Amino acid sequence: MALSWRSWIANEGGKHIILVVWLGANTWLFWRTFILYYSSPQYYYLHKMLGLGLCISRASASVLNLNSSLVLLPMCRSMLTCLRGSHKLMSRKGRRLMDKSKTFHMACGVAICVFSAVHVSAHLVNALSFSVRYSEEFPSLNVARHRGEDPRIIILTTVPGVTGVLLVLILFLMFTASSYCIRVSSYEIFWYTHNLFIVFYVVLLVHAIGGALKYQTNVDTHPPGCFRPNRTDPKTGSSAHPEQEPVLGASELPVGGDGFNSICKEEARFQAHFPETWLWVSGPLCLYCAERLYRYVRSSTPVTIVSVVSHPCNVIEVRMVKNSFKARPGQYIVLNCPSVSSLEGHPFTLTACPTERKATFGIHLRVVGDWTERFTELLLPDPSMDSEILPIVNQRRYPKLYIDGPFGSPSEEVFNYEVSLCVAGGIGVTPFASVLNALLDEWQRYKLRRIYFIWVCRELQSFYWFADLLCALHQKLWQDNRPDYFNIQLYLSNAEGLQNMSEERYRALSSRLLIGRPRWKLLFEEIGKANKHKRVGVFCCGPKGISKTLHKLCNSNRFFGTTFEYNKESFS
Amino acid sequence: MGKIEWAMWANEQALAAGLILLTGGIVGVAGQFRDWEFAAYGVAAGVFICLLEYPRGKRNKGTSVERTGQYCLTVCVKAFGPVTSNYYVRAALHAALCVPGAFILPTVLGCVCLAIASLIYLAAAVRGEHWQPILPKTETRERVGESIKEPPQNPPPRPPAELRRKRPEDLEGAAYVNPISVTANE
């Protein structure tokens with residue numbers, strides 16, 4: 001499949017522009033701060049003492065400031081959900097960029113780690129320089145207490161030093177627990193260490209107060225390198241002469257200064273900086289705290305569970321109701337059940353959203369880990385006690401359940417294309433189930449004109465989760481004289497034995513059930529042929545293999561002039 | 001909490017700590033710190049720890065994700081047998097390796113990070129975990145397609161020749177009109 005430039009730009013262009021802008025901002029900030037400390041007159045004496053270590057450490061600190069503030073923004077999920085919902089503020093391109101918010105968060109995190117390494121290395125050299133090049137001329141510039149002090153003591157007895165070590169340790173814990181491998185195998189380690197970020201930010205604000213690096217305040221009355229009469233240079237024993245002072249390079253000369261020819265009017269005075277980090281970090285930190293507070297208040301009322309239905313293949317459906325809860329099809333919620341685990345929250349996509357006619361909403365959850373197992377045990381009646389407890393079933397006590405959300409997801413865009421291709425793998429059908437429920441409710445009000453629905457499952461029984469919904473929607477659209485609106489293809493990837501859905505009411509599905517895996521290229525050609533020169537939205541929620549293939553196909557040569565725009569839903 | 005595999009996190013931490021120790025050692029040597037010999041030790045120890053920790057172990061439950069190119073190192077680490085697969089030994093090794101890092105500034109961070117990794121390894125060892133190598137599976141599946149490509153060795157079963165020959169008592173049914181007239185010499 002040859003890469004086609006137009007398809008690639010339609011799919012990947014926006015992301016790469018943002019990447020280039022972000023890299024450019026980092027580079028510019030690094031360069032600007034480096035040059036400031038290298039050649040600005042107010043840092044002349046400090047630069048002479050510390051050398052390149054000063055410039056590199058301050059430049060990397062400014063990049064760290066930028067990334068520490070940017071890293072919080074993609075995690076303000078409610079704010080992003082609001083932005084996604086307002087079509088006036090954002091175009092479809094903007095909403096597609098928001099699908100990649102977690103990737104941007106990870107990029108900023110990696111940048112923080114890399115530049116922390118640079119910053120720490122430069123400051124290690126600075127500590128040595130403070131110790132070895134202790135300055136008797138300008139005692140207020142020193143951090144060491146005497147010449148030759150052990151650099152370890154310099155670091156461990158100053159506020160910025162101790163906070164710096166703490167920051168590195170917290171970053172170490174957070175970073176090592178964030179790899180893909182750990183997130184997949186034990187999510188709790190990732191979750192609990194990542195919540196140390198609040199400690200990280202508090203310590204960072206203290207670290208920035210520091211005050212170890214000072215700038216000269218009276219550059220006009222004491223131009224750097226000026227001639228100081230009546231002072232003896234402690235090294236040579238003669239009066240100080242600028243040319244004899246150790247010069248670290250031609251660029252040492254103060255810019256635009258004729259300091260060498262002038263006489264100092266007064267002694268140099270030094271002062272510590274205002275902590276710049278506070279200006280960078282406080283905005284996003286306040287925004288994030290406000291967002292968490294809002295989410296906490298919104299999720300403080302428990303939901304009322306209306307019904308629990310058990311489906312084949314280890315899936316249960318939970319229907320609930322909550323006051324003033326609004327959600328759009330495709331969004332997901334985070335469940336917290338204190339009887340199972342007080343701190344854990346698990347995300348589930350809504351399969352049915354509340355509408356004007358019906359206030360209940362529902363999720364389908366597959367029992368896979370220990371949280372879902374315990375939750376299901378609490379919800380479903382004990383099968384051994386069935387025969388005796390018939391009158392008691394009505395009074396079943398469901399556990400208390402809190403939900404956080406709803407949060408936006410890429411699948412909300414299905415309605416904003418004229419033609420959409422929805423590919424689901426197994427339980428990944430849940431976002432599309434809510435879309436189909438919304439279409440069943442009222443399909444005329446959306447821009448969507450045609451939807452191709454591909455559902456690949458391993459077992460036949462899985463299709464029964466939504467067989468009724470699919471047949472009902474198919475029936476309704478036939479009756480409304482739109483037979484080409486909804487195109488279903490069901491694939492059973494486990495090809496053993498003759499399997500079919502034999503029930504009479506599922507006849508529409510059994511005739512669209514195919515054994516084996518879908519052939520994506522042929523499917524794309526078929527869709528391209530039937531929708532020439534249109535923009536088709538491709539939505540995939542399923543295993544990585546399928547999504548990679550689809551992504552590659554969307555970037556390849558255009559079939560019949562049709563552009564396929566790829567939108568991927570991610571589960572973790 | 002019952003199913004967490006601590007060894008996986010300890011492995012990531014030890015690898016990162018090895019890199020931090022290596023970086024600190026390089027800074028110590030390049031910056032010409034006093035007692036730079038400790039920094040040189042940091043470089044050597046950092047490289048050794050990275051090589052030891054690079055191959056990821058196999059998970060007890062679920063699929064294990066390999067690091068790229070870890071096969072050669074897996075074979076090397078496996079060759080040491082119980083020394084490397086026991087996590088008590090690894091915890092003690094890391095605790096011993098981290099001590100010299102505390103003597104000069106650049107390697108202090110590596111020392112602390114390695115100490116934390118050693119503690120997590122101890123926790124993993126207490127819970128009974130041990131290192132198993134991820135090796136590619138060598139079983140070959142019986143491929144149905146292969147046998148289809150071979151031509152059949154024997155002809156298909158047929159009834160014996162007597163039954164296939166036309167029977168003389170049913171001459172009426174056996175008769176047919178030859179479409180081309182057959183006459184002799186005309």
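**Two chains, one predicted model**

In chain B, 74% of the contacts with a separation of 6 or more are between residues 24 or more positions apart. Contact here means heavy atoms within 4.5 Å.

Some ground rules. This is a predicted model, where local features need pLDDT of at least 70, side-chain atom pairs count only at pLDDT 80 or more, and totals for chains, interfaces and linings use all residues. Residues are numbered from 1 along each chain as its sequence is written, chains are lettered from A and ligands numbered from 1 in the order in which they are written, and side-chain values use heavy atoms, with hydrogens and water left out.

Let me stay with chain B. It has nine helices and zero strands. Helices (H or I, at least four residues) and strands (E, at least two) are DSSP runs, numbered from the N terminus. Reading from the N terminus, the chain B elements go α-α-α-α-α-α-α-α-α. Of its 186 residues, 36% are buried. The cut-offs: buried is under 20% relative accessible area, exposed is over 50%, and partly exposed is in between, with a 1.4 Å probe and protein chains only. Accessible areas come from the Shrake-Rupley method with a 1.4 Å probe; for residues, only the protein chains shown count as cover.

One backbone detail in chain B. Asp35(B) has a phi near 60°, a positive value in a residue other than glycine. Asp35(B) sits in the loop between helix H1 (6-30) and helix H2 (36-53). Asp35(B) is partly exposed, because its relative accessibility is 39%.

Now chain A. It carries 19 helices and 14 strands. Its radius of gyration is 32 Å, well over the 25 Å that the globule rule gives for 572 residues, so chain A is more spread out than a compact globule. That radius is taken over C-alpha atoms, and the rule is 2.2 Å times the number of residues to the power 0.38. The C-alpha trace of chain A spans about 110 × 60 × 45 Å along its principal axes.

Buried residues are 50% of the 572 in chain A. Of the chain A contacts with a separation of 6 or more, 76% join residues 24 or more positions apart. The accessible surface is about 28100 Å², with 59% of it belonging to carbon and sulfur atoms.

Charges next. Chain A has 61 positive and 43 negative side chains, and the centres of the two sets are 6 Å apart. Lys and Arg count as positive, Asp and Glu as negative; His and the chain ends are not counted. Each charge is placed at NZ of Lys, CZ of Arg, CG of Asp or CD of Glu.

Some residues in chain A. Start with Asn11(A), in helix H1 (residues 5-39). Asn11(A) counts as buried, because its relative accessibility is 6%. Asn11(A) and Glu565(A) are 554 residues apart in sequence, yet 5.7 Å apart C-alpha to C-alpha. Beyond neighbours within four places in sequence, Asn11(A) contacts Arg96(A), Cys554(A), Asn555(A), Phe564(A), Glu565(A) and Tyr566(A).

Asn65(A) is in helix H3 (residues 52-70). Asn65(A) is buried, because its relative accessibility is 8%. With neighbours within four places left aside, Asn65(A) contacts Glu276(A), Thr277(A) and Trp280(A). Trp278(A) is 213 residues from Asn65(A) in sequence and 8.9 Å away, C-alpha to C-alpha.

On to the strands. Asn314(A) lies in the loop between strand S3 (304-311) and strand S4 (315-321). Its phi is near 65°, positive in a residue other than glycine. Asn314(A) is exposed, because its relative accessible area is 52%.

Ile316(A) is in strand S4. Ile316(A) is buried, because its relative accessible area is 2%. Apart from residues up to four places away in sequence, Ile316(A) touches residues including Val308(A), Ile363(A), Leu365(A) and Leu380(A). Ile316(A) and Leu365(A) are 49 residues apart along the chain, with C-alpha atoms separated by 5.6 Å.

One cis peptide bond to flag: it joins Gly405(A) and Pro406(A), with omega about 0°. Pro406(A) belongs to strand S8 (residues 402-407).

Last, the interface. How many residues does the contact take from each chain? It takes 30 from chain B and 28 from chain A. The area buried between the chains is about 2500 Å², and carbon and sulfur atoms give 77% of it. Buried area is the accessible area (1.4 Å probe) that two parts lose on being put together, summed over both. Trp9(B), Leu105(B) and Leu109(B) supply 26% of the area that chain B buries against chain A, more than any other three residues.
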